[in-house]
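Biologist: Could you walk me through reading some side-chain features here? I'd like the general idea and then the case at hand.

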Amino acid sequence: MRPSATLAALAICGAIHAKAAGADTDFTKLTDVERAIFHAEIRAVLSSVPELLERHEPTPSLYEDDIASDLELIRRWSGTLFDATLPGIGPENAEQRIALFIGPGCAHCNRAKRELEALSSQYNFRVGFLDTDTHAELARIMGADTLPFYVFPKMMLRGHMPKSVLERYLANRTGQ
């Protein structure tokens, strides 16, 4: 917002507050008629200050470059990440794929494996387990700095995800 638009917005807020303070209006308890009048007043003010309604280009995502980099890594290594012959759970011909980086003695990894196994009866997916000892270089390349480390075809998740979160991803195919 430009400085003049910001000042105008502050002036509007001040005017509304001053008017409300004088009338002791509780805006949480407006009747339907009062709410309609209040909305009409706001519309009138906004219409009289058109720069408040100017459209601005959306700010690019702060994570846009990181997301693109993750997607490129997944694309480049998908053959290894989603290899149906990896040890894991679920049918080898399953439509949905998850790669799960796990480490020896990792309690959170064991919990993730149990939760995914429980979900496998509801959803048709395959989870391939990539032990960080055996796949240390791939874990480093993928940035698997927190275990368990989930890789879906279109995203990566670091750290243990609650069963309800994984269920949402599987149900909505968000990770696909």
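Modeller: Let's begin with Phe149, which is buried because its relative accessible area is 0%. Buried means under 20% relative accessible area, exposed over 50%, and partly exposed in between (1.4 Å probe, protein chains only). This is a predicted model, where local features need pLDDT of at least 70, side-chain atom pairs count only at pLDDT 80 or more, and totals for chains, interfaces and linings use all residues. Residues are numbered from 1 along each chain as its sequence is written, and side-chain values use heavy atoms, leaving out hydrogens and water.

Biologist: How many aromatic pairs does a search of the whole structure find?

Modeller: A pair of aromatic rings is described by the distance of the centres and the angle of the planes. Rings of Phe, Tyr and Trp (its six-membered ring) pair if their centres lie within 6.5 Å; planes under 30 degrees apart are stacked, over 60 edge-to-face, the rest tilted. The search finds two pairs. Phe101 and Phe149 have ring centres 5.8 Å apart and planes at 65 degrees, so this pair is edge-to-face. Phe152 and Tyr169 form a tilted pair, with 5.7 Å between centres and 55 degrees between planes. Both Phe152 and Tyr169 are buried.

Biologist: And which cysteines form a disulfide?

Modeller: A disulfide is a covalent bond between the sulfur atoms of two cysteines; the cut-off is a pair of sulfur atoms within 2.5 Å. Here Cys106 and Cys109 form one, with their sulfur atoms 2.4 Å apart. The torsion about their S-S bond is about 75 degrees, so the disulfide is right-handed. Cys106 and Cys109 are both buried.
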